[in-house]
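User: Can you walk me through the charged side chains in this one? I'd like to go pair by pair.

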Amino acid sequence: METILILSEDQILDWTDRLYHIVSPEDKRQLQLWPEKPEIFREILQEYTTKLKVIVEVVLKAMARSLNLEENCFLDKYGEERALMMARFNFFPPCPRPDRSLGQKPHADGSAITIVLQDKEVEGLQFLNDDQWFRVPIQLPHALLINVGDHIEVMSNGVFKSPVHRVVTNSERERTSVAVFCTPDPDNDIEPVDGVVSETRPRLYKKMQDYQSKYLQYYQKGRRPIESVKI
Ligand SMILES: O=C(O)CCC(=O)C(=O)O
Ligand SMILES: [Fe+2]
């Protein structure tokens, strides 16, 4: 299943094939679209999802504590049971012109946090800081990369930043990665939490509404969706 929306003729496409599935909550899964082979796929994805839920809880609590906030303040807004987890399997085939195309164009994730399992052997992910791209190393096989998404930037009133990143291609080797986007329960109002707004640190973001559809519109035009909620 693919969610690329072609919104205009001049839209720049990513050099990638993707499989994109909701993995939680269970009643939102569309199992009829999941691969049937290898047979172990569903079982492994189920187990992976269950384990990632534990990581999300630990990480969101730790992030709150690190700001001296009540430890459940991000987790409560995230919503645990009804939070949306979407798994994206990214396949980046070798590209004959890596100088002219990207596996994934610059973007920041629209999640609360994203958990990425990178290819064990082929690098490609890069993060932007001060106008410079920094490569993410892959020395640690099976390491999970945890990336802050737009929802945590808003909830933390900008203390945690949702960084811009991209994936570069290469002409020799294919690359795969699995990104699981952990996004708050769509019924929850997401805005800066109590304790991050003060006289010295004014509120920087509005309430996030209908962010998913805004996200796609902005993203495909090469703009940062989070701009739509900045005050
Ligand atoms: O391929 C990667 O390492 C990261 C992919 C990514 O940024 C994404 O799917 O949003
Ligand atoms: Fe990403």
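**Charged pairs and a patch**

Analyst: Asp 99 and Arg 97 form a salt bridge, with the closest N and O atoms 2.9 Å apart. A salt bridge here is a side-chain nitrogen of Lys or Arg within 4 Å of a carboxyl oxygen of Asp or Glu. This is a predicted model, where local features need pLDDT of at least 70, side-chain atom pairs count only at pLDDT 80 or more, and totals for chains, interfaces and linings use all residues. Side-chain values use heavy atoms, with hydrogens and water left out, and residues are numbered from 1 along each chain as its sequence is written.

User: Is Asp 99 buried or exposed?

Analyst: Asp 99 counts as exposed, at 59% relative accessibility. Arg 97 has 45%, so it counts as partly exposed. The cut-offs are under 20% relative accessible area for buried and over 50% for exposed, with partly exposed in between (1.4 Å probe, protein chains only).

User: How many salt bridges does the structure hold?

Analyst: The structure holds 12. One of them joins the side chains of Glu 71 and Arg 65, at 2.6 Å from N to O. Glu 71 is partly exposed at 29% relative accessibility, and Arg 65 is partly exposed at 47%.

User: What about Glu 191, which side chain does it meet in a salt bridge?

Analyst: That's Arg 203, at 3.1 Å from N to O. The pair links distant parts of the chain: Glu 191 and Arg 203 are 12 residues apart, each in the loop between β9 (175-183) and α4 (211-220). Helices (H or I, at least four residues) and strands (E, at least two) are DSSP runs, numbered from the N terminus. Glu 191 has a relative accessible area of 21%, so it is partly exposed, and Arg 203 is partly exposed at 34%.

User: Switching topic: which residues form the negative surface patch?

Analyst: Glu 70, Asp 76, Glu 80 and Glu 81. Patch residues have over 30% relative accessible area and no salt bridge, and like charges are joined within 9 Å. Asp and Glu count as negative, and the charge is placed at CG of Asp or CD of Glu.

User: Where does Glu 80 lie?

Analyst: Glu 80 is in the loop between α2 (73-78) and β2 (84-92). With a relative accessible area of 41%, Glu 80 is partly exposed.

User: Last one: what does UniProt list for residues 82-184?

Analyst: The unreviewed UniProt entry lists "domain: Fe2OG dioxygenase" there; such annotations may be inferred rather than shown by experiment. Over residues 82-184 the chain is 6% helix and 46% strand, and the end C-alpha atoms are 8 Å apart.

Key: Chains are lettered from A and ligands numbered from 1 in the order in which they are written. Patches are made of residues with over 30% relative accessible area and no salt bridge: like charges are joined within 9 Å, nonpolar side chains (Val, Leu, Ile, Met, Phe, Trp, Tyr) within 5 Å. Accessible areas come from the Shrake-Rupley method with a 1.4 Å probe; for residues, only the protein chains shown count as cover.
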